[in-house]
Amino acid sequence: MARAAALPPSRSPPTLPLLPLLLLLLRETGAQEVQVRVLPEVRGRLGDTVELPCHLLPPAPEVQVSQVTWMRVDATGSTLNVAVFHPSYGPSFPSPKPGKERLSFVTARQSAATGQGTKTELQDATLALGGLTVEDEGNYTCEFATFPQGTGRGVTWLRAIAQPQNHAETQEVSLSLEPVPVARCVSTGGRPPARISWLSPLDGEARESQVAGSVPGTVTVTSRFTLVPLGQADGVKVTCKVEHESFEEPVLLPVILSVRYPPEVSISGYDDNWYLGRSEATLNCDVRSNPEPTGYGWSTTSGILPASAIERGHQLIIHSVDRLVNTTFICTVTNAVGTGHAEQVVLVRDTPRASTRDVGPVVWGAVGGTLLVLLLLAGGSLTFILLRMRRRRKSPGGGGDGGRGASYEAKTQAFGNGGPVYRMPTAPGPPGPDGKDEEDEEDEEEKAEKGLMLPPSPTLEDDMESQLDGSLISRRAVYV
C-alpha cells in the first residue's frame, strides 16, 4: 500500500512588503494626489465683503487644470453650484443666490486673447462674496478638476457674525425691602448673542432676556442687575461687562446706582468740654440722603432752644454756654422721600476739662519723683549692707580670725548681778593707712550705721545699766 508523501504547509505570498514599493513607483512615475488648500472656517460681518481662499498646491508640470467649481450645501442638504471658472471660457455663476452681482473670483482671470483654445494658468480660485447676509452662512466646497490627476477639493465653513452695540444705564428706585432692578445693560443686534455679566461689590443677581434684533439673524440681549435697594447702595458703582467674538477685548460699561431714601442724620461738634462761659460752640447736622435735603430744623427735648442758640441751616451756634444749654438737642432733616432726625446730649461743666497736654507733665513728674525715692532707698540699703558685712569681717567673732570665736580666759571675765559678763580684750590694733587704728575706724562705722538706722527707743536706753568694767547689762534681766 502506497503511503502519501507529506506536503509542506502552504504560505501566502508576501504582499505587504510590496505596498511601499508600489508607492515608491507611483512617486517616481509622477502620480500624485491633487491637494487643495482652504481655511476650515471664515468669519465675515453682516453687510461686508468676505473672501473664501482656495489654492491648488503646485502640481507636476504636465498637470493641467480643467475647471474650478465652488459649491454650497443649502438648508435642505442639496448641493448647488454657485461659481465656476473655466480656463478658456472664464467665470460663470449659475445659482441665483448669491448670484453674479455679489460673487467674483479674486485673482482668476481669463487671458486677454479670449477664444477657443486659449488657456490661463489657474491655481488661485479665491472667491469674494459681497453684502454678506445670514442666508449666506453654510459649507462651501472648492473643487479643482485636473488632467491627468483627477479632482481635489476642500471645504470651508462660512460664518456670518454681527458686532453688537452696547449701552448701560441706571434705574432709579426708592427704598424697598424687595429686590428690584437697579441697573440695565443692553447689547443690540449681535450674532451670535453677546455674553453679559456684572462686576459689583454688592450682593445682587443678573436677570437676562433675549429678543430678535432689527437685522434678521441678530439677537438683542438685555441684562438687569437686581438687588434689595437700601440707602447703602446709593452712589455705588457697578460695571456691565459685554463679551463677543467680534471684540478684541470685553467692553466695560460703568453705572452709578441711584436709590431714593429719606435722610440719614447724625450730629457732630460736641467734644464733651462745654463749660460755663464758653463762646461760639457749634453743633453740625450731618446728612446723607437722596435726593438732597429740602429743610433743616433744630429743637430740644423741651421744644424750645436756649436764648443763646442761633440756627444757621445745618449748623446750630451757641454764642455763650450757660445752664440752659445743659439739654438734648434734636436736628430734623426733610427731603422729597421722608424725614430723619438725630439727638445729641450736651453736659455743661463748671470749669474746662483738663486737656491731655496739661495732664502729661504732672504724670511724668510723679513718675520721676517715685523713681528718685526708690533709687535713694535702694542706695541706702546697699550702703548699710556693705558696712555690716565689713564690720563682721573685722569683729573677733567673725570670719577674720579663722573662726576661733571670743576668748573666755579668766582675766577677761567680770561678774555683775550674779551673772558673768564676757568682754573682749581691748588691746589697740595696728594703725590704718590714714593713721587711724581699728577702734577709730569702728567708731566711724558705728556712726555711719547709726546714720542709716533709726535711733533706739528711749525705753531701751533707760533699761541698760553701766558696770564697773565698762559693760552694760539690763536692769530687768534675771541672771542665774
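This is a predicted model: local features need pLDDT of at least 70, side-chain atom pairs count only at pLDDT 80 or more; totals for chains, interfaces and linings use all residues.
Trainee: How many disulfides does a search of the whole structure find?

Mentor: A disulfide is a covalent bond between the sulfur atoms of two cysteines. Cys54 and Cys142 form one, Cys185 is joined to Cys240 by another, and Cys285 and Cys331 form one as well. With bonded cysteines counted along the chain, the pattern is 1-2, 3-4, 5-6, and the search of the whole structure gives a total of 3.

Trainee: Which strand holds the bridge partner of Cys185, and which residue is that partner?

Mentor: Cys185 lies in strand β14, which covers residues 180-190 and pairs in the antiparallel sense with strand β17, residues 219-227, over 8 bridges. Within that pairing, the partner of Cys185 is found in β17, and the residue is Ser223.

Trainee: Is Cys240 buried or exposed?

Mentor: Cys240 belongs to strand β18 (residues 237-243), 55 residues apart from Cys185 in strand β14. Buried requires under 20% relative accessible area, and Cys240 has 0% relative accessibility, so it counts as buried.

Trainee: Is the disulfide of Cys185 and Cys240 left-handed or right-handed?

Mentor: The two sulfur atoms are 1.9 Å apart. Because the torsion about the S-S bond is about -70 degrees, the disulfide of Cys185 and Cys240 is left-handed.

Trainee: Which strands stand at the edges of the open sheet of 4 strands?

Mentor: The sheet has the order β12-β14-β17-β16, with antiparallel pairing. Two of its strands have a single partner strand each, so one side of each is left without a neighbour in the sheet, and these are β12 (165-170) and β16 (205-212).

Terms used:
Residues are numbered from 1 along each chain as its sequence is written. Side-chain values use heavy atoms; hydrogens and water are left out. Two strands pair if DSSP finds at least two bridges between them. A disulfide is a pair of cysteine sulfur atoms within 2.5 Å. Buried means under 20% relative accessible area, exposed over 50%, partly exposed in between (1.4 Å probe, protein chains only).
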